[in-house]
Amino acid sequence: MMKYLTSILNSFCLVILLLNKVCCQPFSYPFVDNSITSTCSSTQYFNTANQRCEECIAAINGTTPGSTGLECQCTSGYRRSVSSSTDLSTFLCELCAPGEVTSSDGTGCITCDATVATVTSSGQCQCLSATSALIERYDNGTLLDAVQCSPCTEPYTGPGSDTGTCVACDTCSSSLCDCTDCLNDDVCLNNANAISALSTALAGLPSSEAYIDNRAPAAYVGCYYASPNITACQVLSNLCVLELYDTNQRACALYADVYLEKTNQPNSQLNNIDSWILNMPWIFYDSPISNNPVFTTEDILNSNEITTSFSFRGTDTVFDFVVMKYDVNGVYLGWELATTGLLQLCPDRPSVKSAAFVFGTTYSSTCNLESATFTDTNLYPSTFYEMNLRYTDTDNNVLLFPVPVLITNLGTNSDSNTATWTFVKRFFLIDSLSQIRGAGMVQYVSDMRLQVTLQTPTGNGHIYGPYLTITYSDVDPSIASTVSTSFSVSYAMNMFNQEEGLKISLAVLGSLALLYSFMEASSWRRRQGLQYVDGSSILMFLYFALSNLANVFFIVMLGYATVTLFFYKGQGTVTLLLPDANQEDIFVIFISLAFAFKTIEILGIIIMQSIADIFLLDWERPHLRDGDAKVSIWRTYFIANEWNEIQTFRKISFNFQLFAVLLFLEVVGFKSLALENSSSALDQTTGSSTDQYIPVYNSTLRFAVSSLVFIVIDILQVIYFVGIHERFIQDKIREFVDLCSVSNVSVFILANRNYGYYIHGRSVHGKADTDMMDMNNMLRKEEENLTSARGLEAGSEQQTFAIAVPYLFRAQFDKVYQPLELVRSQPAARGGNTAQDSQANESVRAYTTMKNFLASFLDHSLRDLDFYVKEKLFLESILDMEFQDPINNAFFYNDRGNSFTNVLFYGREFALLTFDILLFNIIDYSVQNYLLAAIITFIVVRFLAILRQSFSRSNLAKKTLVDKRFLV
């Protein structure tokens, strides 16, 4: 049994190890700072292909690093012996015999004849005559027994400063050289094996542009056979990069051939990275052999070996990107920090360019460049780059993570299917040499994007390996034109939990909204006196559903945006990033839906408030001394005017609201909180004269900031008006109710057929049409409590009620207006000299009849129609509905909250506020300008108020039978 369990355990461990190799392949390697001369020891050189210090074959005497520190060379008195082996590690230095010195090319030993030459301090021969050429070999390449000096004659001039000879026989320039095979790059090839291998490698390959055709074969031979010619390998790699890594092209095919050959050698793997081969520049992230992949795209994108925990504050707030540089000839130029801006073609201030690499800053820079300048090698040198992220692991080792590069021009890299992507390492910015896209054409980076992905669910500032996406375009610089180029940095993370939370919130609250809409529609149907569900009931259900869904969308999106704002800006160690483009689109869609639904709600409010039935009941009795028994109508006109004035009155000052919002957003600087960076400062400058980079605004954060400012200012206004202004200065709603009592006029409102509101304005003095002295006396008696209470019921001060009336009441109410409606539709149907006289007469009759009917009803004088005053149940008040239908008698519900304001803008402040916020943000999303958004919002809101006022004025004149001309 134990043996069986051990076997299972061993198998499990083996699977874990295999999975670790497949899924968790480390790509990082030790960082060697070759810019510091003391990094490599006195016996080491820096191998640019292997990116490390290596010994100059320490076991062989006479080997020492060269002056550049990038290669080995033999010391004075030694000659370099090149093996015919393809192993690049074969590098031998042999001691010259006594009396001999090293030849000028370092590959032989020769006697220096003192009669014609002298031995220099470097241990080589130099002709005594400055115009003589040093001759060390016969024409066939064999060394002489002793050097000779021959004056340089035409057509050869010299001696050259590098070789001291008139003609270098390692080139194809001279007919005196016996060259077995002359390559296009003026390289003489005498090795039979190299000639055969080159011929085989070139077989079947298409010709490329002259620049690559001329240089690729020589670079191939140097990389394949030289010992070890790292520079040749670098040149071959650069030529492949110019071909955009197309292995069907000449240079990349030759690179793959060398790669395959070196892969078959023992101990060829470097730094435990399967695709990095010894003494071979690592330019393909994966193997360039298409049928032999080493990694999957998932291995590269999900690499989690970077141990740095990035944060918005404190340490590790800036990416330490180290960029390796190579010139077109394969010479390693050292490294440079990306914060210097060397990878950004757009000219700008260094401080602005370096902001791209501040962690959490969404960076974007776009500009237009003159294509004619691309051929200026001083301005745009032909340099190749490899980007690495430097970090320190848990053992304090400084490592480099090679940033993968995704070139969209290569194969299927432009597809959305990441499994087919091919990542590389080396890239260029501008190629004016290869003309691979056509004669005279220049390749340039039109778009470069750095993508940083935060690890989830662990988070805590850890990232997956970032990668670079590059798109190349081409242009003919001989044709004057400007081209666009851009550089950007974006961040992403798995937002599954946030998305799920958002979906759950929308689903739950949306379902509750629909349920509440059903209850509202049911309440509306009962208030309308409808016994069955008809088309109007369904229409109202849709209206309530849209209204409530607008609130749900607004509240959920505001909550989501607010949480994003506070958590993103307030975090130290990063665990949350801003929404990606897809989530931004979803956010905008729901905000747009909320605005559309809210617009429908506001229009519905305007319509319903503008068609409400309203009648002003004057309780005044004729004076005994008035022989005509008439009552002045001016008090009714006065109340009608006051009611007309408060139609669009709100709980806040909208003008002040917009002014304060602009003040805090633009002047105080709250809008800076919406920038896509980690800063929570309010004074971030947005002027072009500053050296500070100003990132773009994030739509989610911008919505959160403006909405919160809007809401806070609105709440402060409401607190001020309700708590201070209305209590100590002026309360227009309370004053209107008081005015009704002083004027002896009640207001009867039916917002629905069977439901409405009643303001009891019957004077406790029994009259209001009197002189100033009498009025002052009556008011003084009220102050001294010498009169009865103003309320509808004896001993009660309650003057406002929500009322539910039975069908019989509504039928009688409509019956009063029927003759008038008939006259309005058919003016000649009634008596009178003219249609206008007929309508005026009928209006007076209808007014008198309605006045008597309502007065009798409120005085409990109707035998078959009465009312009861009662309190609403708690649940009825919460849900704003009635559980008991008025069958025979009406119900007057005590209304201490003045709910009659529901037929005014005053009572719909939440709906108006949410509409203002959504309108303001929708406009701002379109124009990205708070000032313009405020102006347009003011115009729209003002237009709706005018529309509401106009409709209500006409309705007020029609329903109260007050001439419209008196409503000013």
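Mentor: The chain has 20 helices and 35 strands. Both are DSSP runs numbered from the N terminus: helices are H or I with at least four residues, strands E with at least two. The model is predicted: local features need pLDDT of at least 70, side-chain atom pairs count only at pLDDT 80 or more, and totals for chains, interfaces and linings use all residues. Residues are numbered from 1 along each chain as its sequence is written, and side-chain values use heavy atoms, with hydrogens and water left out.

Start with α8, residues 496–527. Its 32 residues should span 46 Å at 1.5 Å a residue, and the end C-alpha atoms are 45 Å apart, which agrees. The expected span is 1.5 Å times one less than the number of residues. Now its buried side. Buried means under 20% relative accessible area, exposed over 50%, partly exposed in between (1.4 Å probe, protein chains only). Among the buried residues of α8 are Leu 502, Leu 506, Gly 510, Ala 513 and Ser 517. An α-helix has 3.6 residues a turn, so residues three or four places apart point the same way. The cover over the buried residues of α8 includes α9 (535–570), α10 and β32 (755–759). Just past α8, Gly 529 takes a positive phi of about 75 degrees.

Follow the cover to α10, residues 581–610. This helix has 30 residues and reaches 43 Å between its first and last C-alpha, close to the expected 44 Å. Asp 580 caps its N-terminal end, with a side-chain oxygen 3.2 Å from the backbone nitrogen of Asn 582. The cut-off for such a polar contact is a pair of N or O atoms within 3.5 Å; within protein, one must be able to donate a hydrogen and the other to accept it, and residues adjacent in sequence count only if both atoms are side-chain atoms.

β32, also part of the cover, spans residues 755–759. Tyr 757 is touched by Ser 899, which also touches Ala 802, leaving out residues up to four places away in sequence. Contact means heavy atoms within 4.5 Å. Ser 899 sits in the loop between β35 (890–894) and α19 (909–927).

Next, α13, residues 699–729, which holds Gln 717. Gln 717 is buried, at 5% relative accessible area. Beyond neighbours within four places, Gln 717 contacts Ile 652, Ser 653, Phe 656 and Gln 657.

Now the rings. The structure holds 59 aromatic pairs. Rings of Phe, Tyr and Trp (its six-membered ring) pair if their centres lie within 6.5 Å; planes under 30 degrees apart are stacked, over 60 edge-to-face, the rest tilted. Tyr 720 and Phe 721 pair edge-to-face, at 5.3 Å between centres and 75 degrees between planes. Tyr 720 is partly exposed at 34%; Phe 721 is buried at 15%. Arg 702 lies over the face of Tyr 697, 4.5 Å from the ring centre. For such a call, NZ of Lys or CZ of Arg must be within 6 Å of the ring centre and within 35 degrees of the ring normal.

Finally, the whole chain. Of its 968 residues, 49% count as buried. Of contacts between residues at least 6 apart in sequence, 66% join residues at least 24 apart.
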